[in-house]
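I opened my notebook to look up salt bridges. Here is the structure I worked from.

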Amino acid sequence: MRTQFLAKALLLPALALAQPLAAQSKKTVSSPNRAAAPADRTRPDKDKLAIIADLDKRMPEFAGISKQIWDFAELGYQEEKSSLLLQEQLKKEGFDVQAGVAGIPTAFVATYGTGKPVIGILGEYDALPGLATEAKPDFTPIPGQKGGHGCGHNLFGTASMAAAIEVKNWLKAGHAGTIKIYGCPAEEGGAGKVYMVREGLFNGVDVVLHWHPGSQNAADAGTSLANKNAKFRFRGIAAHAAASPERGRSGLDGVEAMDYMVNMMREHVPQDTRIHYVITKGGEAPNVVPAFAEVYYYARHKDRDILQSVWKRIENAAEGAAKGTGTKVEWEVLGGVFNLLPNVTLAEVMHNNLKTVGGITYTPEETAFAEKIRSTFPDDQRVPVTNAALIKDFRDASESATSGGSTDVGDVSWTVPTVGLQTATWVPGSSAHSWQSTAASGMSIGQKGMLVAAKTLALTALDLYTTPTLIEKARAEWIQKRGADFKYEALLGDRKPALDYRK
């Protein structure tokens with residue numbers, strides 16, 4: 001355990017970055033059915049303490065980088081400045097950076113070290129359309145800005161880089177192994193990592209680590225939903241909507257007919273299926289029969305085979321809608337991602353390190369910010385803001401441990417044993433993809449959660465470098481779960497990266 005002296009010496013008091021480890025141990029409880037972790041992985045040794053201290057020291061630097069990326073707010077596959085900023089920092093730290101990988105200008109792989117084991121860390125940095133608001137506790141739109149970091153990827157990429165730098169420093173001190181950080185664009189619907197997997201960029205990697213911003217601190221073995229998405233484009237014939245409507249064939253009629261059939265289909269698919277859409281193009285003027293209309297569909301399910309069967313029915317609805325409205329339809333699959341393949345062995349290691357690092361304590365100013373944000377939530381979603389200091393208990397993967405979201409990390413996890421965590425970068429109770437999460441991601445609350453993630457990732461990597469049997473056990477579990485004969489085939493097929501999907 002860290003002594004009171006170390007806690008005062010190593011943490012930045014003005015930022016109150018984390019609670020002392022001794023205090024954290026009183027607030028977190030391991031599963032009563034789980035054996036205690038080995039002592040050497042529950043107490044930080046001198047190397048881990050050195051990493052914690054250095055990250056605390058460099059916190060202002062990394063906070064500044066995350067704020068720059070928050071200000072850039074670049075959408076998927078358009079993250080030129082964000083990607084370049086991270087690459088430049090890694091080059092300064094001695095990493096060999098390979099840019100523009102997998103046919104994606106904003107993707108990169110940065111490598112340091114030689115030999116085994118090879119540990120990878122994922123980093124994201126794309127923003128979402130809309131959600132452009134100031135880092136204030138009330139909705140304050142930023143005029144003219146297309147995107148906002150409502151999922152906190154400005155923090156994601158920065159923390160992953162910070163962790164990789166700390167691991168690099170440890171390797172440089174005379175330890176064997178290789179660290180890779182993957183610059184992963186367009187997670188939000190663009191499936192950037194799928195192309196990187198397909199390109200073989202994870203071949204030879206032993207374990208991949210990742211994290212995600214959130215409203216709580218947790219490292220468990222949960223899974224996620226597989227996802228497939230496409231834009232359906234209906235083409236008809238333009239005509240005067242009043243003078244000669246009989247000569248027209250409406251693309252919008254095709255879209256609406258498809259939407260109606262898919263909405264009726266919801267009653268007749270497995271109840272945990274998710275289908276959502278937006279009409280991205282509906283015509284130009286009411287008095288012109290639309291010759292073109294477009295609708296953007298997502299479908300999700302935890303079972304990829306069920307997802308594929310549901311998707312085929314969506315395609316059938318599109319074809320039926322075109323036939324019934326006298327239009328023509330074509331569709332472009334823009335993204336498709338696997339469900340996460342959980343690894344309990346790795347999740348336990350990460351959970352123990354998260355407990356070691358501890359949660360987040362707010363300053364009085366941050367508490368006032370958080371309470372104002374909390375007041376904007378519905379009554380049944382308000383939880384104490386002090387929950388940011390807590391670490392959720394560990395849980396194995398189960399039916400109840402399935403996230404409602406999807407991520408292209410899923411494809412990575414079926415290619416390499418993978419583990420992740422989330423930290424309280426947002427006010428407890430916040431929803432992802434909201435103005436509240438955008439605001440917190442651009443100020444000290446988000447940056448404190450980012451620091452917890454960076455520490456946990458770096459400490460977990462050290463355990464894997466120093467305890468090879470962990471990697472062996474994790475790989476055995478991974479092979480057993482995915483099947484020895486598993487062959488990866490991307491859900492989006494062999495298409496090239498959809499670099500213009502946000503344009």
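**Salt bridge notes**

I looked up Arg 235 to begin with: at 42% relative accessibility, Arg 235 counts as partly exposed (buried is under 20% relative accessible area, exposed over 50%, partly exposed in between, with a 1.4 Å probe and protein chains only). This is a predicted model, where local features need pLDDT of at least 70 and side-chain atom pairs count only at pLDDT 80 or more, while totals for chains, interfaces and linings use all residues. Residues are numbered from 1 along each chain as its sequence is written, and side-chain values use heavy atoms, leaving out hydrogens and water.

Next I checked the partner of Arg 235. Glu 330 forms a salt bridge with Arg 235, with the closest N and O atoms 3.3 Å apart (a salt bridge is a side-chain nitrogen of Lys or Arg within 4 Å of a carboxyl oxygen of Asp or Glu). Glu 330 sits in strand β11 (residues 328-337) and Arg 235 in strand β8 (residues 226-235), so the pair ties together parts 95 residues apart in sequence. Helices (H or I, at least four residues) and strands (E, at least two) are DSSP runs, numbered from the N terminus. I found Glu 330 partly exposed too, at 41%.

Last, I ran a search of the whole structure and got 22 salt bridges.
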